[in-house]
Amino acid sequence: MQVKLGAKVRTSDGHHAGEVKKIVWDPETNEARNFVVTTGMLLGHDVLISREVLEGASGNGDEVTVNLTKHELDELDSYDEHAFAPPPYGWMAPATYTYPIAAYLFPTDAAAVPLGGPTESQSEVKKENEPAITKGMKVKDTSGKTIGVVREVRIDDGTGELRSIVVQEQDPLGLATTRTMDIPADHIDIAGAEVHLIDEVRGTDVAKQDGI
């Protein structure tokens, strides 16, 4: 059975373990790998439970009982929010998964960065040649001058939509980096493999924004 978000989770020895809150996506296999279960006061930390364990649990979907004792649950990997990030801009899950985009998490370790290619169902839904912003893309101002490269793409956790991009400025010769800027999504456009500013807005200095 497909695991429901918000489903109550119980251990095999009768303890209330918590609730299913997020899905950890495996970019190499292009499928769900783990689920984040908030445990409240039971363990003092949230845990990652494998998809196989939750999908094999007994119950009606709204409340499931996993084949793990409270002690075994305590031995599972803790969920560290700093080790995960929202999906890349433009990413879509296969049609067999019906969770909202905001429920997905991607590992931030370097080995997990490459994304699995789109499935046939994804290709049917996704617009042909849909533009996407990726790390390292050149960013040009309104005059066509390259001002830097995309360092980070920021996605709204609630809607899954592009919120802004962080641009690493470069000197005219591209020999050194200067400041980083946060530029709102409504001030940029995509042209081929480049990002263009559509007005003179230069964005917010990330160092100042973060209070550095």
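A salt bridge is here a side-chain nitrogen of Lys or Arg within 4 Å of a carboxyl oxygen of Asp or Glu, and the side chains of Arg51 and Glu55 meet in such a bridge, at 3.6 Å from N to O. The model is predicted, and its protein chain holds four helices and 15 strands.

**Overall make-up**

- Of the 212 residues in the protein chain, 35% are buried, while the accessible surface comes to about 11,900 Å², with 50% of that area belonging to carbon and sulfur atoms.
- Among contacts in the protein chain with a separation of 6 or more, 48% are made by residues 24 or more positions apart.

- Arg51 and Glu55 both belong to helix 1 (residues 51–55), where they are four residues apart, about one turn of the helix.
- Arg51 has 13% relative accessibility and so counts as buried, because buried means under 20% relative accessible area, whereas Glu55, at 31%, counts as partly exposed.
- Through salt bridges that share partners, Arg51 and Glu55 are joined with Glu31 and Glu52 into one network.

- Because Lys8 lies in strand 1 (residues 8–10) and Glu19 in strand 2, the pair ties together parts that are eleven residues apart in sequence; Lys8 itself is partly exposed, at 31% relative accessibility.
- Arg10 forms a salt bridge with Glu63, with 3.1 Å between the closest N and O atoms.
- Since Arg10 sits in strand 1 and Glu63 in strand 6 (residues 63–65), this pair ties together parts that are 53 residues apart in sequence.

**Nonpolar cores**

- In soluble globular proteins, nonpolar side chains tend to be buried together.
- The largest nonpolar core here has 25 residues, of which Val9, Val20, Leu54, Tyr99 and Tyr104 touch the most other members.
- Strand 2 (16–26), strand 3 (31–38), strand 4 (47–50) and strand 8 (104–107) each supply at least two residues of this core, and the largest share, four residues, comes from strand 2.
- When its neighbours within four places in sequence are left aside, Val9 is in contact with residues including His15, His16, Ala17, Gly18 and Val20, and also with Val37, Leu54, Val64 and Val66.
- A second, separate core is made up of 15 residues, among them Met137, Val150, Leu162 and Met181.

**Strands 10 and 11**

- Strand 10 (residues 146–155) pairs with strand 11 in the antiparallel sense over seven bridges, and Glu152 stands opposite Val166 in strand 11.
- Strand 11 (residues 162–170) is largely enclosed by the rest of the structure, because seven of its nine residues are buried.
- In a regular strand the side chains alternate between the two faces of the sheet.

Note on methods
Residues numbered from 1 in each chain as written. Predicted model: local features only at pLDDT ≥ 70, side-chain atom pairs only at ≥ 80, totals over all residues. Heavy atoms only, no water. Buried < 20%, exposed > 50% of the residue type's maximum accessible area, 1.4 Å probe, protein only. Contact = heavy atoms within 4.5 Å. Areas by Shrake-Rupley, 256 points an atom, 1.4 Å probe, with all protein chains shown as cover. Pairing = 2+ DSSP bridges. Core = buried A, V, L, I, M, F, W, Y, C linked by side-chain atoms within 4.5 Å.
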